[in-house]
Amino acid sequence: MRLDVILRVTTKLILPLMLLFAIYVQFHGDYGPGGGFQAGVIAAATFILYALIYGLGATQRIIPVAVIETMIPLGVLIYAGVGVYALLSGGNFLDYSRLSHEAAHGQELGVFLVEVGVFVTVSATMLAIFYAFAGRGRR
Amino acid sequence: MLLALLAATTVSVVRVRNLFAVAVLTGVYSFLMASVLIVLDAVDVAMTEASVGAGIAMVLMLGTLYLTKTEESRPVHTPVLPLFVAIVTGAVLIWAMSALPPFGAADTPLQVAGPDYLARSLKETGIPNVVTSVLASYRGFDTLGETTVIFTAGIAVLLLLKRGPARDGDNGEGG
């Protein structure tokens, strides 16, 4: 475990770039390819790479299992919450035009919030599945 | 060329008995598929295919291999019944394809709705990427469903996998 210096150093170098790329894909989804799903998977891949090199325990100290298990339903709740908010403010379910005074601006805000919800659920689910698999191998 | 490589990869996935090689080959398949999707100008889907298919799925498969043997065991049944099911399913699918409109026909819903979205999207949503606006806004209900599917899949995997280790060890983590 101590002989993989190259792997450890290289991982440290590319991890911030991977996370940055995930954030870029998330927030640039309005203009280029990508969105919540892709960004969530890339973010999960970042932590999975960290877990592969530095061990599962170190990763679970950064993102505990409890946080992951809260994030999985939280994303769906954010998404559905946007829909319910539109419903309560007099529109149809998921009618983002109601989120702001101007319809187009409300659409942008709605899509942004919805993508955040997708990101939270997808990244947490991917990481939870990985934790579940890797956690069994440890014994 | 890409499709020929795809076919070759598929055949090798079926033929090779070393599961480690199979896991890597499925990753190769995903990257080839992503290239095909880029050729088809579907960059969003290509991105998903590369990250999920070649990235996460391969890690999960290798993680599973770590728990089991790396050689595929010999099949105990004759392949006649599975082969029959596969042939019948394939025949039904090909038969159903004959009911589809011809490729590129101008009067299909795809050709009518596509330009409609292209014309409306920027004005109505202020989002230049039409893929995003269709996925998240016009088809927001579908995407909510997809997110729920991922949520359900995650819960199901956790239910199945988290139960196992706590039973045979007395230091169960709980939760």
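1. From the N terminus on, the elements of chain B run α-α-α-α-α-α-α, which amounts to seven helices and zero strands, where helices (H or I, at least four residues) and strands (E, at least two) are DSSP runs numbered from the N terminus. The radius of gyration of chain B, taken over C-alpha atoms, is 22 Å, well over the 16 Å that the globule rule gives for 175 residues, so chain B is more spread out than a compact globule; the rule is 2.2 Å times the number of residues to the power 0.38. Along the principal axes, the C-alpha atoms of chain B fill a box of roughly 60 × 45 × 30 Å.

2. This is a predicted model, in which local features need pLDDT of at least 70 and side-chain atom pairs count only at pLDDT 80 or more, whereas totals for chains, interfaces and linings use all residues. Residues are numbered from 1 along each chain as its sequence is written, and chains are lettered from A and ligands numbered from 1 in the order in which they are written. The model scores ipTM 0.81 and pTM 0.80.

3. For chain B the mean pLDDT, the predictor's confidence in each residue from 0 to 100, is 82, and 93% of its residues reach 70 or more. Among the elements of chain B, helix 4 has the highest mean pLDDT (92) and helix 5 (residues 109–125) the lowest (78). Over residues 166–175 of chain B pLDDT stays under 50, and for this stretch the model has four contacts beyond four places in sequence, a contact being two residues whose C-beta atoms, placed from the backbone, lie within 7 Å. Where pLDDT is low, the predicted coordinates should not be read in detail.

4. Buried residues make up 20% of the 175 residues in chain B; a residue is buried if 20 or more other C-beta atoms lie within 10 Å of its own, exposed if 12 or fewer, and partly exposed in between, with C-beta atoms placed from the backbone. Of the 18 residues of helix 4 of chain B, the number buried is zero, so this helix lies largely in the open. At 1.5 Å a residue, helix 4 (residues 80–97) of chain B should span 26 Å, which agrees with the 26 Å between its end C-alpha atoms; the expected span is 1.5 Å times one less than the number of residues. In helix 5 of chain B sits Lys123(B), which counts as exposed because it has 9 C-beta neighbours inside 10 Å.

5. Chain A comes to five helices and zero strands, and buried residues make up 43% of its 139 residues. Its radius of gyration is 18 Å, whereas a compact globule of 139 residues would have one near 14 Å. In helix 1 of chain A, a kink of about 30 degrees lies at Ile14(A), shortly before the proline Pro16(A), the bend being the angle between axes fitted to the seven residues ending at a residue and the seven starting there. In the same helix 1 of chain A, Ala22(A), Val25(A) and Gln26(A) are buried.

6. The contact between the chains takes 49 residues from chain A and 43 residues from chain B. Helix 5 of chain A gives the most to the side of chain A that touches chain B, with 23 residues. By class, that side of chain A has 29 nonpolar, 15 polar and five charged residues, where Ala, Val, Leu, Ile, Met, Phe, Trp, Tyr, Cys and Pro count as nonpolar, Asp, Glu, Lys and Arg as charged, and the others, Gly among them, as polar.
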